[in-house]
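Dear colleague,

Please find the structure below, together with its sequence. My notes on it follow directly after.

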Amino acid sequence: MKSLIYLSQCSSTNDEVIDFINLSHLEEDFLAIYTFNQTNGRGQYGNKWKILANENLAFSFAIKTQKISCSDILFNYYTAILVRDFIANLTKTEVKIKWPNDLILKNKKICGMLFEKKGNYLVSGIGINILQENFENLPKAGSILSQTKLKFDLKNFAESFYHYISEKLMTENIPENILELYNHNLYKKNTISVFEKDKVRQNGIIQNADNNGFLWIELENDGLQKFFHKEIEMLY
């Protein structure tokens, strides 16, 4: 069984989903909550995810762990792939995954994701910039509208997104080649890029992400190394 809940405003859709898990005996295998007015969104590793009211989507879902036949890392990768596929198909535009789970559309970040585990549920929080055009003081950020000139109705977008994600996760088998799909869509893979490590900048080439959540980069000065999130920064 699955459910979708709309909130006109909330602090954090992830917190709302987690409250349902903590305070209720959920019967749903899949529960999703969304809003267009999230006032205190959380990003990965303590970051804040700020959105303008009625311009973007904050969407979180919880799925029972028994429904997932892969590791938590691969589930995170697979969720990023599904969101990427949905936006790419909708806009007919190339979308890339910036490790570990940001989405890049025409070199601007349009989506970020947060993953948590609570009891018997995996929880994913997804923020998608849809209609926002003003990104003052956010030079790396963009939206579907700013990058493609395509304008979508927020409610229709959210409901279509829910049906796509829930169907893929609840009725279809999770593919065995998640890692291959993820690396195929990895932003700047096999391309010379600039990285900052320990406050020192150097060129490097992303080789691949692995199934333990590490990113392997061939650095100009330090050779091939693996990194976990926040251990190195790509400058773009």
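How far apart are the mean positions of the positive and negative charges of the chain? The mean positions of the 27 positive and the 28 negative charges are 4 Å apart. Lys and Arg count as positive and Asp and Glu as negative, while His and the chain ends are not counted; each charge is placed at NZ of Lys, CZ of Arg, CG of Asp or CD of Glu.

The model is a predicted one, in which local features need pLDDT of at least 70 and side-chain atom pairs count only at pLDDT 80 or more, whereas totals for chains, interfaces and linings use all residues. Residues are numbered from 1 along each chain as its sequence is written, and side-chain values use heavy atoms, with hydrogens and water left out.

Overall fold

The chain contains five helices and 14 strands; these are DSSP runs numbered from the N terminus (helices H or I, at least four residues; strands E, at least two). Its C-alpha trace spans about 55 × 40 × 30 Å along the principal axes.

Of the 236 residues, 51% are buried (buried is under 20% relative accessible area, exposed over 50%, partly exposed in between; 1.4 Å probe, protein chains only). The accessible surface of the chain comes to about 11700 Å², and 45% of this belongs to carbon and sulfur atoms; the areas come from the Shrake-Rupley method with a 1.4 Å probe, and for residues only the protein chains shown count as cover. Among contacts (heavy atoms within 4.5 Å) between residues at least 6 apart in sequence, 62% join residues at least 24 apart.

Salt bridges

The whole structure holds 10 salt bridges, each defined as a side-chain nitrogen of Lys or Arg within 4 Å of a carboxyl oxygen of Asp or Glu. Three of them are described here.

- Arg-201 and Glu-196 meet at 3.2 Å, N to O. Arg-201 is exposed at 58% relative accessibility, and Glu-196 is partly exposed at 24%.
- Lys-155 pairs with Glu-159, with the closest N and O atoms 2.5 Å apart. The two residues are about one helical turn apart because they lie four residues from each other in helix H4 (residues 154–170). Both partners are partly exposed, Lys-155 at 44% and Glu-159 at 26%.
- Asp-29 pairs with Lys-64, with the closest N and O atoms 3.7 Å apart. This pair links distant parts of the chain, 35 residues apart: Asp-29 is in the loop between helix H1 (13–23) and strand E2 (30–35), and Lys-64 is in strand E5 (residues 56–64). Asp-29 is buried, at 14% relative accessible area.

Backbone geometry

Most residues other than glycine have a negative phi, and most peptide bonds are trans. The following places deserve a look on that account.

- Trp-99 and Pro-100 are joined by a cis peptide bond, with omega about 0 degrees. Pro-100 lies in the loop between strand E6 (95–98) and strand E7 (102–105).
- Asp-198, not a glycine, has a positive phi of about 50 degrees. Asp-198 sits in the loop between strand E10 (192–197) and strand E11 (200–209) and is exposed, at 65%.
- Lys-230 has a positive phi near 80 degrees. Lys-230 is in the loop between strand E13 (223–227) and strand E14 (233–235), and is exposed at 53%.

With kind regards
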